[in-house]
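Please load the model in your viewer and keep the sequence panel open beside it. We will go from one selection to the next, with a short note at each stop.

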Amino acid sequence: MKVLGIFFSANLSFNCHFNYVAKKALKRLGYLRALGGSYWGANTVHLLRLVNACIRSIREFGAEVTSYAGSTSWRKLKVVHHNCLLFAAGLPRWTPIPVMLAETGEIRLRDRKDLRKVIFRVQADQGRIQWESTKYFRSFTHLPKTTKTQLLPRRKEILLTRLRTRSLPTKAILFKVGLESSPLCRQCGIVDSNDHLLLTCNVFEQLRNNLGASLGIGAFHYDWICTISTFNRRVCSAVLHFLQSTNLF
Ligand SMILES: [Zn+2]
């Protein structure tokens, strides 16, 4: 039974309503995908605004009533929410959810559905508290203060976003998702993580020296490079030059 735009079932599980909303939201996300991809299109900040304007409204419509549904029912909308954020930020599917939320400045859907928190504008505090309680907090100290990035072409913006979120498709990550047979770097014989690529891999020693020369420093720190490349145009183009010269991404 549909009353004022919400489907009610006999057991008040709202499954029918969530199925309807998820289908409608995914359809709209499909239209929005025409505005940007991983290598082209609008910037993250604009895509996030569009996603929030077009999809958040239908996803959270009637949340005062539907928030009483169980977490299993909300899972469908959670998937839609995560798909929207991955699309807007240009992040790959293997990005950890807390990292994705910190990068995009969003909060978990199960907190958003409690509209009181949104109405009283505590979203930023809520996001910070959630982020600091995750296991990723200590490894990503540069997030989320690096979310307000300068506007760059989509391709470059996504390279930097993936560097910040340690989701560049290195062998360690591809091995994790079953796309590589080994996580080890062929040259160095150690785990080929994003940190390894940027800081220690022997293959890119010359490129790293060039990067160090253009930044005027000898030793690198991952968090420092991520933070400074967000705010400093010269460092940003030097880091992008390094990443593009690897011919891996
Ligand atoms: Zn290596």
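**Before you click.** This is a predicted model, in which local features need pLDDT of at least 70 and side-chain atom pairs count only at pLDDT 80 or more, while totals for chains, interfaces and linings use all residues. Residues are numbered from 1 along each chain as its sequence is written.

**Whole chain.** Of the 249 residues, 28% are buried. Here a residue is buried if 20 or more other C-beta atoms lie within 10 Å of its own, exposed if 12 or fewer, and partly exposed in between, with C-beta atoms placed from the backbone.

**Helices 1 and 4.** Select residues 15-32 (helix 1) and 71-89 (helix 4): their axes come within 8 Å and cross at roughly 15 degrees. Axes are lines fitted to C-alpha atoms, for helices over the stretch in contact, and angles run from 0 to 180 degrees between N-to-C directions. The two helices are therefore roughly parallel, a term for angles under 35 degrees. Now show side chains: the contact includes Phe18, Ala22 and Leu29 of helix 1 and Leu77, Val80 and Phe87 of helix 4. Contact means C-beta atoms, placed from the backbone, within 7 Å. The residues of this contact divide into ten nonpolar, four polar and one charged (nonpolar: Ala, Val, Leu, Ile, Met, Phe, Trp, Tyr, Cys and Pro; charged: Asp, Glu, Lys and Arg; polar: the others, Gly among them).

**Helix 13.** Next, select 222-231, where Ile225, Cys226 and Ser229 are buried. Look down the axis of helix 13: its buried residues fall within an arc of 100 degrees, so they line one face. That arc is taken from the directions from the helix axis to the C-beta atoms. Their cover includes helix 9, helix 11 (194-200) and helix 14.

**Two backbone stops.** Most residues other than glycine have a negative phi. Arginine 166 has a positive phi, near 50 degrees, and is in the loop between helix 9 (154-164) and helix 10 (171-176). Is arginine 166 buried or exposed? Arginine 166 counts as buried because it has 23 C-beta neighbours inside 10 Å. Finish at asparagine 247, in the segment after helix 14 (233-245). Its phi is also positive, about 60 degrees, but asparagine 247 counts as exposed, with 6 C-beta neighbours inside 10 Å.

Note on methods
Helix = DSSP H or I, 4+ residues; strand = E, 2+ residues; numbered from the N terminus. Contact = placed C-beta atoms within 7 Å. Parallel < 35°, antiparallel > 145°, perpendicular 65-115°, else oblique.
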